[in-house]
Amino acid sequence: MPKEFDYLKGARSRWKELVFSFDVLLEFIKGFRNLHFIGPCITIFGSARFKEDHPNYQMAEEMAFKLSQAGFAIMTGGGPGIMEAANKGAKKAGGISLGCNIELPFEQKANPFLDRFVNIKYFFVRKELLRKYSTGFVVMPGGLGTLDEFFEVRVASLMARERQDRGSS
């Protein structure tokens, strides 16, 4: 069975769980060090499948261009499609273009329009980094990955609001 399916085996030895925990912590630290001082940032989520001639690609590029002109850094998953379009728009506007790329065996490579990017091993670490440093979010058309990212952000914002309503921090 390939290594990426190890999680399907269930509980592991305490030592393996500890090693995994440290690996996750190191991934977070890598992300924090690369993304901490970016200023106001908008994260744009969307499909990796759209090509340059598609209206959604063009819309993402134009939107990122305008948001960059307004002073926002633009962060994406760092891959092709909508992510590339948004990073390209930020770059064209002279803004900061960031990517939080996922390490996959043969699909996603960082797009060429990134000023700074970080490669992350785990999807849940990537989603948290995309959420943590953003003051706003744009959700463009996409598939299950885009929906997953959107719901992660939405649930986190609802939980924060509920904690605030209850007066806890």
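This report walks through the sheet, the helices around it, a surface patch and some salt bridges.

## Ground rules

You're looking at a predicted model, where local features need pLDDT of at least 70, side-chain atom pairs count only at pLDDT 80 or more, and totals for chains, interfaces and linings use all residues. Residues are numbered from 1 along each chain as its sequence is written, and side-chain values use heavy atoms, with hydrogens and water left out.

## The sheet

Let's start with the open sheet: 5 strands in the order β4-β3-β2-β1-β5, with parallel pairing. At its edges sit β4 (116-120) and β5 (136-139), each pairing on one side only. On average, neighbouring strands are turned by 20 degrees against each other, direction ignored. Strands (E, at least two residues) and helices (H or I, at least four) are DSSP runs, numbered from the N terminus; two strands pair if DSSP finds at least two bridges between them.

Take β2 (residues 73-76) and β3 (residues 97-102): they run parallel and are joined by 3 bridges. Within that pair, I74 stands opposite S97 in β3.

## Helices on the sheet

Helix α2 (residues 55-69) packs on the sheet and touches β1 (41-45), β2 and β5. The direction of α2 makes about 140 degrees with that of β2. Helix α4 (residues 123-132) packs on the sheet too, touching β1, β2, β3, β4 and β5, and its direction makes about 160 degrees with that of β3. Contact here means heavy atoms within 4.5 Å; axes are lines fitted to C-alpha atoms, for helices over the stretch in contact, with angles from 0 to 180 degrees between N-to-C directions.

## Two threonines

T135 lies in the loop between α4 and β5 and, at 59% relative accessibility, counts as exposed. Not counting residues up to four places away in sequence, T135 touches P40, C41, I42 and F72. T146, in helix α5 (residues 144-166), is buried, with a relative accessible area of 6%. Leaving aside neighbours within four places in sequence, T146 is in contact with F45, G46, S47, V139 and M140. The labels work like this: buried is under 20% relative accessible area, exposed is over 50%, and partly exposed is in between (1.4 Å probe, protein chains only).

## A nonpolar patch

W15, L18, V19, F22, L25, L26, I29 and F32 form a nonpolar surface patch, with about 780 Å² of accessible area together. Patch residues have over 30% relative accessible area and no salt bridge; like charges are joined within 9 Å, nonpolar side chains (Val, Leu, Ile, Met, Phe, Trp, Tyr) within 5 Å. Areas come from the Shrake-Rupley method with a 1.4 Å probe, and for residues only the protein chains shown count as cover. One member, L18, is found in helix α1 (residues 14-35) and counts as partly exposed at 39% relative accessibility.

## Salt bridges

The count comes to 12 salt bridges, each a side-chain nitrogen of Lys or Arg within 4 Å of a carboxyl oxygen of Asp or Glu. K121 forms one with D23, the closest N and O atoms being 2.9 Å apart. K121 lies in the loop between β4 and α4 and D23 in helix α1, so this pair ties together parts 98 residues apart in sequence.

K92 and E61 also meet in a salt bridge (2.6 Å, N to O), linking helix α3 (residues 82-92) with helix α2 across 31 residues. K92 counts as exposed at 54% relative accessibility, while E61 is buried at 13%. R126 bridges to E149, with the closest N and O atoms 3.5 Å apart, and both residues are buried. Finally, K127, D148 and E152 are linked in a salt-bridge network.
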